[in-house]
Structure formats: C-alpha cells, structure tokens
Amino acid sequence: MKNSSLRRVVMTVAALCAAIAIQAGKYQHFKVSTYIRAQDVARMDDDKFLKSTWETVSSQVDLDKIYIETHRDAYTVPEKIVNKVKKFFLSKGLQVGGGITFTRSEPTDFETYSYARENEREQVRQISEFTARLFDDFILDDFFFIDLKNDDEIAAKGNKSWTEYRLRLMADAGRELVVQPAKAVNPKVKVIIKYPNWYDHFHGLGFNLEEEPTYFDGLWTGTETRDPGSAQHLQNYLSYNIVRYFDNIAPGRNFGGWVDAGGINMSMDRYAEQLHLTMLSKTPEIILWNYMQLAEVKISPNMRAPWQSDGGNSFRYDDMVAPFTKNGKTITPTTMARFANQTLHQTDQLVGALGKPIGLVSYKPYHSSGEDFLQNYLGMIGLPMDMHPQWVDGKMQVLLTEQAAKDPQIVEKIKQQLKKGGDVIITTGLLKAIRTQLADVVELYCGDLKAIVNDFGFFGKSEREFIIPQVKYFTNDAWEVVSAGRPLQGGVSGYPILLRDTYSKGMLFVLTIPDDFGNLYDFPAPALNVIRRAMSKDVGAYIEGPSKVALFPYDNKTMVVENFNDNAVSLRVVVNAKVGALRNLLTGEQLKPAERQPTGGSPYFRNRFYGYSDGQTVFDIQLPAHSYIGLGY
C-alpha cells in the first residue's frame, strides 16, 4: 500500500474513532439538547467563562445539540460573539441551532413586543433575518404571543374580542414577520415555534394552534410541570399529555419536549419525573432548559426526598450523586446536570421497547375553554389520555369535557358515535353547557345545585369531604354506576359520580367532576377502579389502586405504570384479554396472573362494571414511591 493511501486509511480510521468517541455514552432512542440564553451567550465572549461552563456541563451530562439564542429582552447578541460560540460548540462535536425570545422585558410581566406598532414589527422582522443568516434552524422560545393592552393595541383591536384580535394578529405576524423574512435570507432555514405548558389558555394571548403549525416548520413542547401547587397548578401528567396533544395537532412535526429546573426544590425525583414523562411520549428530542442551570444549579442534600430511604426507587439519589468515571477521569457530580444524565439514560433503556402511545380519546377543539387542564387530573387517576383537536371516528369510546361545547355540531357527533354502538363519556361541565341541545339524546340536568360528599357506599369513603355538582335524571331512564353522599350508607340522599344512559346502540356516561379537580384524588380506590374499567375499551388494560398512579399504554401491548405518591402502593393491572404472563420490560422477569376472588352481584353488572369477566387477566404489582415499571404481554 502506498504511503498516501495508508495515510488516508489512518485518517479515516482516526476520524471514525473520533466520531465514535463523540457518540459514546449518547442515547439510542432520542437526542438530548440544551439552550443558552442571549445574555449568557454574550458572556461567552470571555474564553474562561466559555470553557469552564462547558467543562462543568459536559462532564456531567451527555449532549447532542445546543441552541444558541440571538435575542431576548430587547438585546441582540453581536454577530461576532454568536459565531465564536457557535464555532466552539461545533468543535466539541455538537449540532448547533439558534433561538429567539421575542420579549422586551421578562421581569415586567413577560412584556412582549407590540405587534400593532410598525417600528416593533420591523424589529421582529430584523431579528428573524439576523438569526436565519447564522443558523439553518432556530426556535422561538415561549413568548411568541402578546400580553399588551396599550393604546395602539386597543385601537387596532376595534370591536373584536381580545381573543379574536390576538389570534388573527399573531397568526399573521408569525408568517409575515418571522417565517417569510427568515426564508428570504436563508431558504434552507427551519423555523420552529416552541409552545409553553399552559395550552388551555393559548388562544387568549394569541397562540394560534390551528394556523401556526401549518406554516412553521415544526414545533416544540413545554413539558415543565414543576410544583403542582405553585402558580400554574399543572399536574405531573401534563409532562406527557401535552406532547401527545401537540403530536395530534402536527403529526410528525412535534420535535421535542422542554424541561427546566422548576420543581427540583421539591426533590430530585420531581425533576426526574418531568424528564422521564416527556420521553414516555416517544418524542424524538428533549431540551434541558437551560445551559446555565445545568452549570450552576448545585446538588443539595435537600434534594434527597424522605422516601429515598425506603430503597428500590426508580430514581436513586445516592446513585446519582456518587462519583463516577468518564474518559478516564473520576468525577464527583456537582450540579443538576448529573440528575438529567442519569434519568435520561435510564429512560432510554425503556422507551425502545414501547410502541406508539394510545389512550382514551378526548376531543378538545381548537381555541376551546372549559374545565381547563382537566385531562391531566384524569391522567393522574389512571385514565390514559389521548387528546385531539378534531373529532376522531372509529373509537369505541370518546371523552368530552366542557371544551367540546366549542363545536356547534357536538351533539350530532355524539349521536353518530352512539348510533355506531360506541360510548360517549361526558363531564358535568359539558352537561351543564349543552343540556338543552343534548336533551334530544338524554334528558339529564346539571345546574348550580351542589352536594358535599365523602361516602361512596360499598366503594369506601374518602378521607375528606368535598363539593360536587348534582346531576338530576329520570328514574329508570338513567342509572347510577358509582354514587356518593354524606353519608351514603345509612344516609338519606346520594348523587351520581358515574351515571349511565342509553341511546340507539351506544351508552352515554356522565362523569361527575368535583368543584376542585384535585378532589378526584380523594375518590376511594374501589370507585376509581370502576371508572377505569368502564373507560378502558380502547386501551386494552387498566389499573386498580389509589389515585396519583398513571397508566401509559402503547399499541404493541406494552405499558408503563408510574406511582406519583410519596409512599409505596399495591396495584393490580387488569388486561382485557387472556394472557399467560406480564414481562418486566427492563429485567425480563415474568409476572404470573393473580388468583381472582369470586365476585357477587348480578352477572350483568359484574361483567360490565364491577369485578372481572372471564376474558380478563389480573396481575398484582407493588411500586415504591415515585417509581415506575414497564410491562408487556
């Protein structure tokens, strides 16, 4: 072999080895990225800062891509600095993209640009062009909406409602001020909009989920749930559910989820759960917001939750903070970056065995309001959600909340589903909103009358009293499947929790929603079991046990069961088929069916709502606090 040929072979082998080294320790089923805010990009003009932060981050978390922001809070990073930072990260083997945040002042109530002012519209256009010249893809962070009611916006709104005005304004602004200018200077550029986690309120501030996904090249999903008791009151399940909803809005163009450090003050587990749930949605990428949080949010003993002492938890604090070896060096973890790395590598081992997510279809029309974020609470009581912006035919069951009242044809769609022999499950919020129109199907009533309940009869008692709306019906026209009172047993009155009525070949259920959605978690487990069973036809399985346990089913006969309680729980997994065993997707262990106790009562009710049918198989499992298990059959 000639020397020149030998040199080419050696160089090729060296390049291949370098590529393998870069990929070593990376993820098999998704990409992991991070994002640098504009003000931090500017700080990276200092070589010492640039290199030291990279050393801290890269030593503790494996990254595939980094997004470099050019603009935030009326500040644009000089092009020279952007190019320097871009070159640095490319040299580290990372893919590089851009980012823009169209805010004038985040500290001032997230003040956005005013799209009724021509000078500010021009600024937005110029920022888009500037970023497109530097990157072949860029993301608009959370704030491509409008929250201003200045005199110019008031004049431009005219007689429209604020929602009508803002939806039209921002749909046009995205096309005319961002996408078209960006592609004019760089025809290859992919312009991606990132939507935040408060999806049920988008239309009020101009996020247009109906139009924007049709002309942006893709979207990203905010999956931060942080502390459910804080300002937004977002339930853990949203970290999964919102990705699935946006997947159904833009199939194949929902590029990833996005989690920040919020909630890490509650424990390492709360942060890990957000990452894990995001990836259970089978999204192809996740952004760890943000680079400086990965570099600076220090590990603290306070992040070790009390239940970690019980042992056997899925996310193990002690393992995550233990020294480890990387590239021949012993490293002691110092920041939350290590939590992210371990959680995502662990989840990566599971998601490859999972098929496409499925669930109980819930129809939420575009720009609809009512019983806001309810599906996330339902997910937390073990009902797997599959939200769609359009009506879905061909399902055995459809769930409709008050949001469905946005569709003027909703009653006709309900009729058609029932005539085909399917079920329709409506909430008390929807019943109240469309009672008059629905009377052609069922004559039910839900007005302003309330009841205080705590007793579910032979399904048990809740630990606290709570308020529910009263559902009224004609005796022998509709039937209560689950009831509650105060008390119910030995009392004088009771109220439907799950009510059933018939129409044509189908069955309509009414699910009573407490005034405080969080009281769904107070339903006793046997009552929840009946509700889950009644709503499992399209899923193929359901769980039995307490609330705050979620089921994530997939179309290849796999599932994940996850416990969000602060204590261990005993559960049953009920498969609506005869199966010989469940296998643990990570360990390969075979779980044998449990012995079933005989169930009394009428065979009609036993087989339809209570107990088990001959075609079902039951499995017992135990889950430690804040832990999960992957199962297949």
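Leaving out neighbours within four places in sequence, F89 is in contact (heavy atoms within 4.5 Å) with I36, M44, L50, W54, I66, I68, L94, V96 and Y291. This is a predicted model, in which local features need pLDDT of at least 70 and side-chain atom pairs count only at pLDDT 80 or more, while totals for chains, interfaces and linings use all residues. Residues are numbered from 1 along each chain as its sequence is written, and side-chain values use heavy atoms, with hydrogens and water left out. Helices (H or I, at least four residues) and strands (E, at least two) are DSSP runs, numbered from the N terminus.

**Nonpolar cores**

- A nonpolar core is a set of buried Ala, Val, Leu, Ile, Met, Phe, Trp, Tyr and Cys residues joined through side-chain atoms within 4.5 Å.
- Buried means under 20% relative accessible area, exposed over 50%, and partly exposed in between (1.4 Å probe, protein chains only).
- The largest nonpolar core has 101 residues, and F89, Y271, L280 and L288 touch the most other members.
- Helix α10 gives this core its largest share, seven residues.
- A second, separate core of 45 residues includes L140, L148, A173 and I242.
- In soluble globular proteins, nonpolar side chains tend to be buried together.

**H276 in helix α10**

- H276 is part of helix α10, which covers residues 268–280.
- H276 counts as buried because its relative accessibility is 0%.
- Apart from neighbours within four places in sequence, H276 is in contact with F315, T343, T347, L350, E562 and Y628.

- Two strands pair if DSSP finds at least two bridges between them.
- β17 pairs with β16 in the parallel sense over four bridges, and I425 in β17 is the bridge partner of L399.
- β17 also runs parallel to β22, to which five bridges join it, and V424 stands opposite L508 in β22.
- β16, α15 and β17 make a right-handed β-α-β unit; right-handed means that, with the strands pointing away from the viewer, the path from the first strand over the helix to the second runs clockwise.

**Salt bridges**

- A salt bridge is a side-chain nitrogen of Lys or Arg within 4 Å of a carboxyl oxygen of Asp or Glu, and by this rule the count comes to 40.
- Side chains of opposite charge can pair when their charged atoms come close.
- K326 and D62 form a salt bridge, with their closest N and O atoms 3.1 Å apart. K326 lies in strand β12 (residues 324–326) and D62 in the loop between α3 (47–58) and β2 (65–72), so the pair ties together parts that are 264 residues apart in sequence. D62 counts as buried because its relative accessibility is 10%.
- K420 and D393 meet in a salt bridge at 3.8 Å, N to O. K420 lies in the loop between α15 (410–419) and β17 (423–427) and D393 in the loop between β15 (385–388) and β16 (397–400), so this pair ties together parts that are 27 residues apart in sequence. Both K420 and D393 are exposed.
- D142, K194, E224, R226 and D260 are linked in a network of salt bridges.
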